[in-house]
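Subject: Structure for your review

Dear colleague,

Please find below the structure for your review.

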Amino acid sequence: MGALLIIPALIISLLWYMPGIKLQGENAVIKKKDYWWCALVAGLLTCCVLIVVTELLWDAVVKRTGLSGLPLEFVGSFLRAALLEETFKFVGAIMCVDKIKPRRKIDFVMIFGLIGLTYNVFEKLFLGGAASIVGSLIPMHLMWQFNQGGHFYEHKKAVLVGDKGRVGKEKFAFLFIPFFIHGCWDALISVGVYLMGDKFPGVVQALGFVMIIGIIVYGIVYSVKTFRNVKKLAVENESFPETETPESAPVE
């Protein structure tokens, strides 16, 4: 089931992603070869492989705990999915930043977004059911990383200009918020699908259905808002102060 969704997931993800490139027009800085390197080397061969390996290790360890059913799904949503996936997507994005050394906010956003896009498509090999369908129509990995890239840029900028109050705020935003939203997203989908099971009475199944619909609506609103912000950034062309060099601003 999952493999059948790879092509539509890629097409839909690109429809969300490409306007951020096209709207830059002649101001575009990142080269095609760099986008390919980010997607294939940092995204597929690094991020995706590390996620698969560590999630398999997680599965092997969890089998020894006796945890199963909805509790396993709930814990796994935060520790298996959100923690491992967000960690290694961030690793892939940092590899790209170190290679390309972007200065503009839109470039940080597109770099991080490309890592999210790559994993969003790759993930369909292993998912099935409602999660895979929702994940194909609403590419949340792409959206989470779009926003993470923006906050990472703001963190680097705050370090450069000496805005100590904003440094910590933006670090929290690019590290914790994607993990938290990701964990909640997966957990609520698991709970909703569980409540829709045949062993529950109709009113409980209806509650599960309403939860799934609510999650989908939230995902659409989140995605549209993020998409609009990316298009705005692509036109604005915001960059680090000219007198500063981003290499002098490590993650703090």
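Predicted model: local features only at pLDDT ≥ 70, side-chain atom pairs only at ≥ 80, totals over all residues.

Residues are numbered from 1 along each chain as its sequence is written, and side-chain values use heavy atoms, with hydrogens and water left out.

Helix packing

Helices here are DSSP runs (H or I, at least four residues), numbered from the N terminus. The axes of α1 (residues 6–17) and α5 (residues 105–122) come within 9 Å and cross at roughly 165°; axes are lines fitted to C-alpha atoms over the stretch in contact, and angles run from 0 to 180 degrees between N-to-C directions. α1 is therefore roughly antiparallel to α5 (angles over 145 degrees count as such). In contact (heavy atoms within 4.5 Å) are Ile-6, Ala-9, Leu-10, Ser-13, Leu-14 and Tyr-17 of α1 with Met-110, Gly-113, Leu-114, Leu-117, Asn-120 and Val-121 of α5. Nine of these residues are nonpolar, three are polar and none is charged, where Ala, Val, Leu, Ile, Met, Phe, Trp, Tyr, Cys and Pro count as nonpolar, Asp, Glu, Lys and Arg as charged, and the others, Gly among them, as polar.

Salt bridges

The whole structure contains 10 salt bridges (a side-chain nitrogen of Lys or Arg within 4 Å of a carboxyl oxygen of Asp or Glu). One of them joins Asp-59 and Arg-80 at 2.8 Å, N to O. Asp-59 belongs to α3 (residues 32–62) and Arg-80 to α4, so this pair ties together parts 21 residues apart in sequence. Lys-89 and Glu-86 form another, with their closest N and O atoms 2.7 Å apart, and both residues are buried (under 20% relative accessible area, with exposed over 50% and partly exposed in between, using a 1.4 Å probe and protein chains only). Glu-154 is linked with Lys-105, Arg-166 and Glu-170 in a network of salt bridges.

Backbone angles

Lys-101, in the loop between α4 (69–100) and α5, has a positive phi of about 55° although it is not a glycine. Asn-237, in the segment after α9 (202–236), also has a positive phi, near 65°.

Yours sincerely

Technical notes. Helix = DSSP H or I, 4+ residues; strand = E, 2+ residues; numbered from the N terminus. Parallel < 35°, antiparallel > 145°, perpendicular 65-115°, else oblique.
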